[in-house]
Amino acid sequence: MSESANQEDGVIRRDFLAYTALSMGVIGTGAALWPVIDSMNPARDVLALASVEIDISAIAVGQSITVKWRGKPVFVRHRTAEEITAAEKVNLADLPDPQTDSSRVEKPQWLVMVGICTHLGCVPVGQKSADAKGDYDGWFCPCHGSHYDTSGRIRKGPAPRNLEVPPYQFVNDTLIKVG
Amino acid sequence: MNASAHPAPEFKNPVVRWIDQRLPIFTMLHGEYVVFPMPKNLNYFWSFGGMAMVVLVIMVLTGVALAMQYTAHVDLAFDSVERMMRDVNYSWLLRYIHMNGASMFFIAVYIHIFRALFYGSYKNPRELVWIFGVVILVLMMATAFMGYVLPWGQMSYWGATVITNLFSAFPLIGEPIVKWLWGGFSVDNPTLNRFFALHYLLPFVIFAVVMLHVAAMHQAGSSNPTGVEVKSQEDTITFHPYMTVKDAFGLMVFLFVFAFFVFIAPNYMGHPDNYIPANSLSTPAHIVPEWYFLPFYAILRAVDFQFLWFVPAKLGGVLLMFGSLLVLAMLPWFDTSKVRSCRYRPIYRWCVILFVIDVIILGYVGGKPAEGAYVVISKLATLYYFAHFLVITPVVGWIEQPRKLPNSISESVLKGS
């Protein structure tokens, strides 16, 4: 082996060792930092409180209630027949975020969704009968002017998506479990 | 212009001498703050950096005292602040100083930035001074935002909700990041706790970056209104007593304004809604950030359309808002002119003034609801903001015929040009 080839060989070996040491250092530091970063994620008690049961027996037709779930408002609305018809006959092509009404409910008369505007997280108004309900008779977000229809779908304004439907199930006819 | 260029005198005090031989801190202070040569033509715009520094000290002192009375818990925070206002000795004063101090800090810093823009202080060899300055601005914004959340009023809560939700705009990683920031599924107790911890930490980080900012500035020395570098000792005066006296006078006037707000109009720059306790089930009709964020808030809201084909409106707004600070940091490389001061730049001086007007317009529309003419104005003003950095600044630098520069600072002072 010539002297220059030997030198080159040495340089490569050294580089390899330096890069290996450096990457191990980076991986090790990252691993050591991870507990600090992960400690900021939702804690176990926060996750444990992540479901709530709602008694719906007292909600009359046309009424809504707001329940707190995971620190957020959940809207439960007992829809009228007209609202259901209005929501069902919408042409999907008119929707910014196309979803059929039937895919957003378990039972057509009960609409359950997270009352958080999908734009920047404000709470839309429309729960009380005296509230502004927007151009589509559902909900209206006063922060930046998003209009939602009677199925909670975005129709007009800056919000990108429909109001989120949380995972829920009917425990029996008058009790639903959200989360 | 480093300390070794100005040998310290033999210190008379034996304790000072003993310390200085082991840690030459007095030699350093003597070199940097007593005999340090300052250009002799500085105007009062050069006093605002020192004022900002004094406000930072005031903020830390009042903040530590307030932290001793504050409870970082969603059920107790609002009441603990009201208790300060009613029951704790002088806490009303400390809180009003701290609240208005945030605004005064931004006033001083925005004027300080304007001075750098107008007189070209950011140019070679002071680019790093400038970048540290923008870093300080970003840290100040983060600190002020988190501090505003602590009283846990309606604006605190909903401001925190809207701003943290910005991060959900990033595809894929957005949602996990927001949950991580919150430590839950919404802005809640874990969020309040970490904001308090960070609000206490960040001012000390700001201190550290201010040290770098000042150290880097002392390497090249202060810029001056002519933009012509110091050429001889004739062009300079010593920092003490000339600048110390002048800065002290400027500071007094500044503190008069500060005191006016603290004692006469303590809530003028705040929002009444923040005296309503936070309610996660009801959003105030009109959410507005503090005045010093309004131009950036306007840029954020200006994008209400799909940007190209892969950037949705929400993400576009977030990217532009961060981009507005990035182009500010990169200004030394956008400016193609060799001449520093706008005194000798007949076209660019108007561009800087138009830029200031543009930022004021952005601030105005940022405080208005996003509807009607305000939407159009905010889009045009945002476009102009970026055009100023990316187009106007480099192009004017190429085509402009600057006025004749004086040969030295002394010549400009004596001829009165």
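In which hand, left or right, does H3(B) pass H5(B) in their crossing? In this predicted model, H3(B) passes H5(B) in a left-handed crossing. Helix H3 of chain B spans residues 48–67, and its axis comes within 9 Å of that of H5(B), the two crossing at roughly 155 degrees. Since angles over 145 degrees count as roughly antiparallel, H3(B) is therefore roughly antiparallel to H5(B). From H3(B), the contact draws on residues including Phe48(B), Ala52(B), Val55(B), Leu56(B), Met59(B) and Leu66(B). From H5(B), those taking part include Leu94(B), Arg95(B), Ile97(B), His98(B), Phe105(B) and His112(B). The residues of this contact divide into 15 nonpolar, seven polar and one charged.

Helix H5 of chain B, which covers residues 91–119, also packs against helix H14 (residues 348–366) of chain B. Here the angle is about 155 degrees and the axes lie 9 Å apart, so H5(B) and H14(B) are roughly antiparallel to each other. The crossing of H5(B) with H14(B) is right-handed. On the H5(B) side, Phe114(B), Leu117(B) and Phe118(B) meet Arg349(B), Val352(B), Phe355(B) and Val356(B) of H14(B). Six of the residues in this contact are nonpolar, none is polar and one is charged.

A further partner of H5(B) is helix H10 (residues 239–263) of chain B, with an angle of about 135 degrees and axes 9 Å apart. This angle makes H5(B) oblique to H10(B), and H5(B) passes H10(B) in a right-handed crossing. H5(B) contributes Trp92(B), Leu93(B), Tyr96(B), Ile97(B), Asn100(B), Gly101(B), Met104(B) and Ala108(B), while H10(B) contributes Phe254(B), Val257(B), Phe258(B), Phe261(B), Val262(B) and Phe263(B). Sorted by type, the residues of this contact comprise twelve nonpolar, two polar and no charged.

Turning to chain A, the domain assignment gives domain 1 (1–41) and domain 2 (47–178). The centres of these two domains of chain A, taken over C-alpha atoms, are separated by 53 Å.

Side chains of opposite charge can pair when their charged atoms come close. Over all chains, the structure holds twelve salt bridges. One of them joins Arg79(A) to Asp101(A), with the closest N and O atoms 2.9 Å apart. Arg79(A) lies in the loop between strand E3 (72–78) and helix H3 (81–88) of chain A, and Asp101(A) in the loop between H3 and strand E4 (110–114) of chain A, so the pair ties together parts that are 22 residues apart in sequence.

How values were computed:
Residues numbered from 1 in each chain as written. Chains lettered and ligands numbered in written order. Predicted model: local features only at pLDDT ≥ 70, side-chain atom pairs only at ≥ 80, totals over all residues. Heavy atoms only, no water. Domains from an automatic or database assignment. Axes fitted to C-alpha atoms, helices over the stretch in contact; angles between N-to-C directions. Helix = DSSP H or I, 4+ residues; strand = E, 2+ residues; numbered from the N terminus. Parallel < 35°, antiparallel > 145°, perpendicular 65-115°, else oblique. Left-handed = near helix turned anticlockwise from the far one by under 90°. Contact = heavy atoms within 4.5 Å. Nonpolar A, V, L, I, M, F, W, Y, C, P; charged D, E, K, R; others polar. Salt bridge = Lys/Arg side-chain N within 4 Å of Asp/Glu carboxyl O.
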